[in-house]
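Please load the model in your viewer and keep the selection tool at hand.

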Amino acid sequence: MEIHQLEILRELGALGSVKAVAETLMVTPSAVSQQLALLQRGVDVPLTRKEGRNLVLTDAGQVLADAGAAVVSAMADARSAIGSYHGAAGGRVTLSGFHSAGQAVFAKLARVLDAPGQPRAEFTDEDVAQHDFPGLTARYDLVLAHRMDHSPRWPAERVTVIPLLHEPLDVALPAGHPLAARPAVTAEDVAGEAWVTSHTGYSPADVLSAVAAVSSRELNIVHRINDYSTVAALVAAGGVAGLLPRYTAGPVMHPDIVLRPLEGISTRRRIDLLARPENLKRRAVLTVCEALQDIMAGLVKQG
């Protein structure tokens, strides 16, 4: 029993002929007859009877048509409700972000959305390995995710990807370090440094693996820390070098640190928004997406 079949039965009761129903619904009379026959197969009492040249409803048919009218009305209400939900500029939008992105954009986004009629964003920090980011879209409307240029792409068959930022990781050095006077450094320049880097499977560790490969040297990794503010504090204290993102590290930067580009190695990471396609049909979710795009563009200008 399908909604469109109940609609046809309802129209037949009101109009009294298959031809009139076909004209009203802008389909062929044979299509109307076919759907009525399919509906009849699903019930064990006659729904229609011949009355001269017309096909009219039996008492059972009228009961089903009346019930069908209630169903059709309820479906119209449901479509209207979901349409209002999709079209509403306000409403709750859940957003997860890995730590450095959260430090850079959550407060800015909260200020942008602090106005009547704006979405109510709810933030959560989720710093996971790259392959786990797509799975977070089951729990959040939007997911801030990152991956290195050379790493596998996001599964387009499962999530929609909105690019936000293409960001290098730079070498962070104490301001008084001899290499700090250079405009850029190479793998050979920094291979002999002691390092603070991330745990394996995260972007800074990937970059350092490339440094080791290019320089053909085993690196001295002293600390493994995933929090960039702690990395910045250790670098500022002296004794270690680190890797910090060029545009989103602003909130953790220390006056005693300088950032220098690493030449000869791909150090760029992509920061993207991941979402399930149905979530992007909501006006409130799109509003948050647009605000994040503006914020990221501003970070690039500042950087």
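## Stop 1

Select Met-26, an exposed residue with a relative accessible area of 74% (exposed means over 50% relative accessible area, buried under 20% and partly exposed in between, with a 1.4 Å probe and protein chains only). This is a predicted model, in which local features need pLDDT of at least 70, side-chain atom pairs count only at pLDDT 80 or more, and totals for chains, interfaces and linings use all residues. Residues are numbered from 1 along each chain as its sequence is written, and side-chain values use heavy atoms, with hydrogens and water left out.

Met-26 sits in the loop between α2 (18–25) and α3 (29–41); helices are DSSP runs of H or I with at least four residues, strands are runs of E with at least two, and both are numbered from the N terminus. Its phi is positive, about 60 degrees, although Met-26 is not a glycine. Most residues other than glycine have a negative phi.

Next, select Ser-216, in the loop between α7 and β9 (220–224). Here too a residue other than glycine has a positive phi, near 55 degrees. Ser-216 counts as exposed, at 65% relative accessibility.

## Stop 2: the largest pocket

Select Arg-147, Arg-153, Trp-154, Ala-156, Val-161, Pro-163, Leu-164, Leu-165, His-166, Arg-270 and Asp-272, which line the largest pocket. On a 1 Å grid over the protein atoms alone, a pocket is an open set of points with protein on both sides within 12 Å along at least five of seven lines; a cavity is a set where a 1.4 Å probe fits but cannot get out; lining residues have an atom within 4 Å of a point.

The volume of this pocket is about 190 Å³, where a volume is the space filled by probe spheres set on the points, joined across faces, edges and corners. Which element gives the largest share of the lining? That is β6, with five residues. Both β6 (160–174) and β13 (268–275) supply at least two residues each.

By class, the pocket lining has six nonpolar, one polar and four charged residues (Ala, Val, Leu, Ile, Met, Phe, Trp, Tyr, Cys and Pro count as nonpolar, Asp, Glu, Lys and Arg as charged, and the others, Gly among them, as polar).

## Stop 3: the cavity

The count of cavities of 30 Å³ or more comes to one. Its lining includes Phe-98, Asp-127, Tyr-228 and Arg-269. α5 (99–112) and α7 (203–215) are the elements that give two or more residues to this lining. The space inside is about 100 Å³. Its lining divides into four nonpolar, six polar and two charged residues.
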